[in-house]
Amino acid sequence: MPSYAELGITPMINANATLTRLGGSLMPPEVLEAMMEAAKSFVELPELQRQVGNRIALLTQNEACYVSSGAAGGIVVAIAACITGNEKWAIEQLPDLTGLKSEVIVHKAHRNGYDHAVRQVGVKMVEIGWPGEAEVWHLERAINEKTAAVIWFEGAMRTPGDIPLEKVVDVAHAHGVPVLVDAAAQLPPVENLWKFTQLGADAAIFSGGKDLRGPQSSGLVLGKQWIVDACALNGNPNHGIGRPMKVGKEEMLGLLAAVERYLAMDHEARASQMEEIVEGWCTELNRLDGVTATRSFPSEANQPAPRAQVQIDPSVVGRTRQEINQGLQQGNPAVSVAYGVADETFMLNPMTLEDGEEEIVLARLVEEIQG
Ligand SMILES: *Cc1c(COP(=O)(O)O)cnc(C)c1O
């Protein structure tokens with residue numbers, strides 16, 4: 001069997017975040033078994049997509065669900081769905097928008113790298129407001145006959161000055177414009193699987209490969225039946241803009257298993273476990289000269305999850321953050337941690353750790369700090 005080792009690839013302990021660059025998350029046995037099971041037989045793929053979608057919709061209190069190729073792929077097909085509906089000619093014509101709606105409205109403050117997935121459909125993004133300050137009239141003025149959708153990025157891009165999502169929904173719906181929420185990294189809390197759609201969003205889009213720990217190349221579009229139907233028409237095996245974003249039978253069953261597992265999890269116990277790990281890290285690290293460790297909350301993606309913020313004083317420790325980080329990356333096992341916003345600061349995240357790895361992360365960090 002091929003292995004990472006044989007390829008000269010060093011496996012890493014991830015105390016950073018559910019970063020695609022590091023492989024996102026680790027699939028638990030239930031998910032792997034479901035993928036193995038799916039891999040054993042041929043099936044009618046569109047029918048499997050429908051049945052898995054029905055099951056996940058029921059489990060997450062949504063009208064419908066489409067399994068996409070990651071949240072980014074979900075954004076592409078959901079935007080396409082808002083433009084084409086079930087019109088075959090429009091699906092065939094994309095990304096040429098002649099005669100079709102061609103604008104998507106977004107809060108200026110929400111602009112981020114993932115809006116490439118929106119623009120990929122050919123639309124122009126119309127920004128409303130100033131960073132951190134948007135008013136209802138901004139939205140009212142931006143809506144016109146070319147508006148295909150409003151997209152709302154939930155997470156670290158949010159600001160207190162945004163028009164509240166409920167209000168965005170009210171105004172958009174009054175003009176017959178659908179609202180999509182990119183909630184890719186908004187788990188935990190588990191309730192977010194139904195929160196945004198219950199607030200009135202027409203669809204909320206999640207990564208399957210972040211905290212859900214489903215297949216890396218999977219995602220969820222949860223919401224209105226018409227959007228899900230139109231996503232399917234724009235996606236594989238049909239020849240549409242989503243055809244290159246293939247979702248396989250293994251991803252479909254794997255993601256279903258991941259959603260079932262996530263809903264059955266004891267999220268309170270898990271939250272306390274993360275708190276314990278962070279507290280343990282802080283206690284131990286604060287014993288070192290030149291190190292100040294404190295609990296940081298919420299996480300970088302605005303999830304209600306704690307991290308340890310570890311500030312080092314290079315004049316006392318004798319090593320800089322960069323030197324320590326290099327040591328962590330080149331060590332065996334390699335450990336990935338994030339930099340904090342403040343100078344000489346690390347952020348340690350328990351979310352992506354396997355049982356017991358918190359000890360290794362601590363030991364490696366202490367070793368590197370002590371040089
Ligand atoms: C991670 C992320 C995505 C992309 O999700 P994938 O499942 O990796 O495609 C999109 N939007 C936001 C805000 C994200 O955090």
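1. R213 lies in the loop between strand 7 (203–207) and strand 8 (219–223); helices (H or I, at least four residues) and strands (E, at least two) are DSSP runs, numbered from the N terminus. R213 has a positive phi of about 60 degrees although it is not a glycine. The model is a predicted one, in which local features need pLDDT of at least 70 and side-chain atom pairs count only at pLDDT 80 or more, while totals for chains, interfaces and linings use all residues. Residues are numbered from 1 along each chain as its sequence is written, and side-chain values use heavy atoms, with hydrogens and water left out.

2. Q216 is found in the loop between strand 7 and strand 8. Q216 is partly exposed, with a relative accessible area of 33%; buried means under 20% relative accessible area, exposed over 50%, and partly exposed in between (1.4 Å probe, protein chains only). Leaving aside neighbours within four places in sequence, Q216 is in contact with G23, G24, S25 and G209, where contact means heavy atoms within 4.5 Å. The C-alpha atoms of Q216 and G23 are separated by 7.2 Å, although the two residues are 193 residues apart along the chain. A polar atom of the Q216 side chain lies 2.6 Å from the backbone oxygen of G209. This is a polar contact: a pair of N or O atoms within 3.5 Å, where, within protein, one must be able to donate a hydrogen and the other to accept it, and residues adjacent in sequence count only if both atoms are side-chain atoms.

3. Which other residue has a positive phi although it is not a glycine? Q61 does, at about 60 degrees. Q61 is found in the loop between helix 2 (45–59) and strand 2 (64–68), and is partly exposed with a relative accessible area of 46%.

4. Two cis peptide bonds deserve a look. One joins L94 and P95, with omega about 5 degrees, and P95 is found in the loop between helix 4 (88–93) and strand 3 (103–107). Another joins L187 and P188, with omega about -10 degrees; P188 lies in the loop between strand 6 (179–182) and helix 8 (192–198). As background, most residues other than glycine have a negative phi, and most peptide bonds are trans.

5. What surrounds the ligand? The residues are T20, G70, A71, A72, Y114, M157, D182, A184, A185, S207 and K210, a residue being near a molecule if one of its heavy atoms lies within 4 Å of it. A nitrogen atom of the ligand is 2.6 Å from an N or O atom in the side chain of D182. An oxygen atom of the ligand is 2.8 Å from an N or O atom in the side chain of K210, and a backbone N or O atom of A71 lies 2.8 Å from an oxygen atom of the ligand.

6. N112 is found in the loop between strand 3 and helix 5 (116–119). At 17% relative accessibility, N112 counts as buried.

7. The largest nonpolar core has 48 residues, of which I56, L139, F206 and L220 touch the most other members. Such a core is a set of buried Ala, Val, Leu, Ile, Met, Phe, Trp, Tyr and Cys residues joined through side-chain atoms within 4.5 Å. Helix 10 (residues 249–264) gives the most to this core, with 7 residues. Apart from it lies another core, of 38 residues, among them V77, L100, V121 and L180.

8. The structure holds 1 aromatic pair. The rings of Y339 and F346 have their centres 6.0 Å apart and their planes at 65 degrees, so the pair is edge-to-face. Rings of Phe, Tyr and Trp (its six-membered ring) pair if their centres lie within 6.5 Å; planes under 30 degrees apart count as stacked, over 60 as edge-to-face and the rest as tilted. Y339 is partly exposed at 38% relative accessibility, whereas F346 is buried at 0%.
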